[in-house]
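Let's take a walk through this model together, looking at its charged pairs and then at one residue in a strand. Here it is.

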Amino acid sequence: MVSYDKGKGLLKIEVDLPDFKPEEIQVTVKDGQVEVNAKSEGNGELKQYRQLCYRYALPKDTDLAMVRSLLKSDGRLLIEARLCHHSCWNRPNLKKTSQFL
């Protein structure tokens, strides 16, 4: 889910990742995008691998140094990006890729 808090000048992104441990999740900011990668490897007789990748294009006026993420205990990953100016309120292009291996 993507939302804007115009009063605070924040872009907020929420991703549900309840089946992943914190060490299996990586959040990076590069080339004007936030990318969330989650990868897990199951244990036991039958090996199972799971990988998810979410990419969110950030508005041009995003302060890339002020992008923060927090994984809540219920598995929700919260990402906040501070906007430098309130002039660009277009919803970012959302590209979602899910892979199950």
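A salt bridge here is a side-chain nitrogen of Lys or Arg within 4 Å of a carboxyl oxygen of Asp or Glu. The structure holds five of them. Keep in mind that this is a predicted model, in which local features need pLDDT of at least 70, side-chain atom pairs count only at pLDDT 80 or more, and totals for chains, interfaces and linings use all residues. Residues are numbered from 1 along each chain as its sequence is written, and side-chain values use heavy atoms, with hydrogens and water left out.

Start with Glu-14 and Arg-76, whose side chains form a salt bridge at 3.6 Å, N to O. This pair links distant parts of the chain, 62 residues apart: Glu-14 sits in strand β2 (residues 10-16) and Arg-76 in strand β7 (residues 76-83). Strands are DSSP runs of E, at least two residues, numbered from the N terminus.

Next come Arg-50 and Asp-19, which meet at 3.5 Å, N to O.

Now turn to Val-36, in strand β4 (residues 33-41). Val-36 is buried because its relative accessibility is 1%, and buried means under 20% relative accessible area (1.4 Å probe, protein chains only). Beyond its neighbours within four places in sequence, its contacts (heavy atoms within 4.5 Å) include Leu-17, Ile-25, Leu-52 and Ile-79.

Note on methods. Helix = DSSP H or I, 4+ residues; strand = E, 2+ residues; numbered from the N terminus. Buried < 20%, exposed > 50% of the residue type's maximum accessible area, 1.4 Å probe, protein only.
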